[in-house]
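Hello,

Here is the structure you will be working with. Please open it before reading on, and follow along residue by residue.

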Amino acid sequence: MVSTPILGVRYDALSTDQAADQIVAWAEAGEARYACFSNAHGAVEAVEDPAFADVLNRADLNLPDGMSVVREMRARGVGQRDRVYGPDAALAVVARAARRGIPVALYGSTEAVVDALRQRLPEKAPGLQVVAAISPPFRALSEAEDAEFVERVRASGARVVLVGLGCPRQERWCAEHAEAVGAVCLAVGAAFDFHAGRLRQAPAWVQRAGMEWAFRLAMEPRRLWRRYARVVPRFLVWTALERRRLAASARSQTPAR
């Protein structure tokens with residue numbers, strides 16, 4: 001598997017199908033792993049918080065969720081054809097899980113969203129076994145609460161856990177809990193709201209153009225404008241500076257003729 005660092009974060013070059021195949025293979029083998037789907041937001045968070053960068057770099061897979069990251073990978077010589085979009089990857093994984101009898105758990109979001117997702121996912125992946133669906137409180141959990149939720153997931157027999165807590169909380173949860181729940185944990189974020197029917201997804205052409213962020217901003221301006229105002233310019237400037245440094249380093253190492 002080819003990988004490349006962007007702003008100090010390792011991104012793995014796989015297609016959605018390749019990633020889903022690997023995740024399901026781990027689940028069938030009974031392994032405890034975690035995978036992240038990181039876009040520009042994740043990269044900027046990692047620059048500003050080295051502990052979060054460590055979470056992404058320790059992931060068994062850290063996949064390019066956004067087209068801005070895919071373009072950076074291509075600019076650095078990695079032939080990543082498309083992004084591995086968390087909501088699409090989640091569907092690819094649950095479809096395979098349904099066919100192979102692999103039980104799945106849900107952890108995150110609100111009770112209404114999780115209940116809707118528990119009903120709708122088997123419609124998208126007939127035969128899917130959703131064996132646990134947990135909506136934790138939107139606050140720091142006590143040790144007892146955390147242990148209770150971990151035990152519920154573990155006792156359910158889930159081999160894949162879809163985690164929707166928002167970045168960077170969901171990635172941290174996966175890193176801290178994959179071993180304890182004994183399953184493959186996937187930090188899939190907005191997949192919960194999209195597949196529960198609570199949020200409208202951007203049209204395919206908007207996604208291909210790398211403008212999903214603008215579509216989501218139009219859908220949820222009050223919630224997202226501060227995030228995008230911070231993330232978009234920083235990612236563009238920081239990656240441009242990093243590419244310039246890499247190019248200068250490469251030139252300095254080229255022998256003079």
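This is a predicted model: local features need pLDDT of at least 70, side-chain atom pairs count only at pLDDT 80 or more; totals for chains, interfaces and linings use all residues.

The expected span of a helix is 1.5 Å times one less than its number of residues.

Helix 8

Helix 8 has 13 residues, and the distance from its first C-alpha to its last is 17 Å. That is close to the 18 Å expected at 1.5 Å a residue. After helix 8 comes G182, which has a positive phi near 65 degrees.

Which residues of helix 8 are buried? They are Q170, E171, W173, C174, A175, H177, A178 and V181. These buried residues pack against several strands, namely strand 3 (33-38), strand 5 (104-108), strand 7 (160-164) and strand 8 (184-187). They also pack against helix 3 (50-58) and helix 7 (143-156).

The cores

The largest nonpolar core holds 40 residues. Y34, Y107, V161, V163, W173, V181 and C185 have the most contacts inside this core. Helix 8, which spans residues 169-181, contributes the most to the core, with five residues. There is also a second, separate core of 39 residues, and L61, V84, V94 and L162 are among its members.

Leaving aside neighbours within four places in sequence, Y107 is in contact with I134, P136, L141, F149, V161, L162, V163, G164, L165, W173 and F192.

The cavity

How many cavities of 30 Å³ or more does the structure hold? It holds one. The volume of the largest cavity is about 30 Å³. Its lining consists of A90, L117, L121, L162, A191, F192 and H195. Helix 6 (111-124) and helix 9 (191-195) are the elements that give two or more residues to this lining. Helix 9 has the largest share, with three residues.

The pocket

The largest pocket has a volume of about 1000 Å³, and 49 residues line it. Of these, N39, D65, R216, R227 and Y228 lie nearest the centre of the pocket. The elements that give two or more residues to the pocket lining include strand 3, helix 2 (40-48), helix 4 (67-75) and helix 5 (86-100). Helix 8, helix 9, helix 11 (212-219) and helix 12 (221-252) are also among them. Helix 12 gives the most, with nine residues.

Two single residues

H41 lies in helix 2. Is H41 buried or exposed? Buried means under 20% relative accessible area, and H41 has 8%, so it is buried. Not counting residues up to four places away in sequence, H41 touches C167, R227, R230 and V231. One of these, R227, is among the residues nearest the centre of the largest pocket.

E151 is in helix 7. Partly exposed covers the range between the 20% limit for buried and the 50% limit for exposed. E151 counts as partly exposed because its relative accessibility is 47%. E151 and Q207 are 56 residues apart along the chain, and their C-alpha atoms are 38 Å apart.

Regards

Key
Residues are numbered from 1 along each chain as its sequence is written. Side-chain values use heavy atoms; hydrogens and water are left out. A nonpolar core is a set of buried Ala, Val, Leu, Ile, Met, Phe, Trp, Tyr and Cys residues joined through side-chain atoms within 4.5 Å. Buried means under 20% relative accessible area, exposed over 50%, partly exposed in between (1.4 Å probe, protein chains only). Helices (H or I, at least four residues) and strands (E, at least two) are DSSP runs, numbered from the N terminus. Contact means heavy atoms within 4.5 Å. On a 1 Å grid over the protein atoms alone, a cavity is a set of points where a 1.4 Å probe fits but cannot get out, and a pocket is an open set with protein on both sides within 12 Å along at least five of seven lines; lining residues have an atom within 4 Å of a point. Grid points are joined across faces, edges and corners, and a volume is the space filled by probe spheres set on the points.
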